[in-house]
Amino acid sequence: MELPGTAIAAEGVERRFGDLVAVDRVDIAVRAGEIYGFLGPNGAGKSTLTRVLCTLLRPTSGRATVAGHDVATEADQVRLRVGVALQEAALDDRQTGAEMLALQGRFYGLTRAATRARVAELTDLVDIGSALGRRVGTYSGGMKRRLDLALALVHDPEVLFLDEPTTGLDPVSRSRIWEEVRRLNKELGMTVFLTTQYLEEADELSDRVGIINRGRLVAEGTPESLKRAIGTDVVVVRVEGPVEDARRAVRSLDVVRRVDTSGGTLTVSVSDGPSAISPMAVALSRVPGVTVQELSLRRPSLEDVFLSATGERMAGRRLDAEASRGAEGGRPDTEAS
Ligand SMILES: Nc1ncnc2c1ncn2[C@@H]1O[C@H](COP(=O)(O)OP(=O)(O)OP(=O)(O)O)[C@@H](O)[C@H]1O
Ligand SMILES: [Mg+2]
């Protein structure tokens, strides 16, 4: 049984699709009022666990309670208490935002007047006011996400599930969603379970982060504690010439714990960054054919946490990289009506 004040408790939750184990015996406890970031690469099992927790999929085995009710045996009780914005928002382009919100209100049994009052509150919380009278088909990607968020909030849920709320959005739309999530959490004390592939998003928003890979929870803690637990600094070296020789030279130094190479870049974990830099530069200068283009020290990131927990990289899911490629969210996020 979960402790009082626990909003989400998963115990040994497993979900299979045929032979595929999408979620593999996951234990998670999220406190009421917490923002829990669920971070993992494509296909890791984030959406599957989210669907299990909001009763859209039954667990194959294990048990989970959300807002005090069992997701398998008390699904109706859970549904009344959770708001869900799924990865693929199911919006009707032909309806206006206001119509969709009204329909959602009726679905949860709110009277017309109560729905109207709630929609007025929501337009303060979620910045969609001026667009409500327009058909959803005219919305930008960011506005659709915010409408979807408002729809998830109509019945004033205790626990909000957001499945990749900012994927494909431009940086401005993304930071607006971040602000709204923070506000819901701070002002209303709403518990938020947020999946993301973006390391920065998890780092920025979450009180605690769970990292999932191939269905398994591989690390969990506050972003700070996870980074600290790695117990290392990171030196990034860009070299020209024989990378494997450079790697071997760096690896042979006592201070070096681990070296990962990607193209001409060595990512080096060291116990003490500042004191490792000059021996590293000296060692590299002795390797025939190798020239150092750049050598810099940085604090560990959640990427390093992922790498150290799984031995793999999270495959290029960085906001800066995406921003420079341009947003995928379609139309610019303007609100001219
Ligand atoms: N309905 C389904 N039937 C069969 N396999 C599925 C189904 N849903 C998900 N899977 C598989 O389960 C695994 C986990 O998928 P899931 O959608 O949970 O990953 P995810 O972490 O949400 O990934 P993404 O970041 O791409 O959204 C994947 O291998 C996926 O192909
Ligand atoms: Mg998903």
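Let's start in the largest nonpolar core: of its 70 residues, I8, L53, V66, V192 and F193 touch the most other members. A nonpolar core here is a set of buried Ala, Val, Leu, Ile, Met, Phe, Trp, Tyr and Cys residues joined through C-beta atoms within 7 Å. Buried means that 20 or more other C-beta atoms, placed from the backbone, lie within 10 Å of a residue's own. Helix α5 (residues 141-153) gives this core its largest share, seven residues. A second, separate core has 15 residues, including V234, V237, M280 and L284.

This is a predicted model, in which local features need pLDDT of at least 70 and side-chain atom pairs count only at pLDDT 80 or more, while totals for chains, interfaces and linings use all residues. Residues are numbered from 1 along each chain as its sequence is written, and chains are lettered from A and ligands numbered from 1 in the order in which they are written.

Eight of the eight residues of α1 are buried, so the helix is largely enclosed by the rest of the structure. After α1 comes T55, with a positive phi near 75°.

Finally, find the open sheet of four strands, ordered β12-β13-β11-β14 with antiparallel pairing (two strands pair if DSSP finds at least two bridges between them). Its edge strands, β12 (256-262) and β14 (291-298), each pair on one side only. Six antiparallel bridges link β12 with β13 (residues 265-270), and S262 stands opposite T265 in β13.

Note on methods
Helix = DSSP H or I, 4+ residues; strand = E, 2+ residues; numbered from the N terminus. Buried ≥ 20, exposed ≤ 12 C-beta atoms within 10 Å, placed from the backbone.
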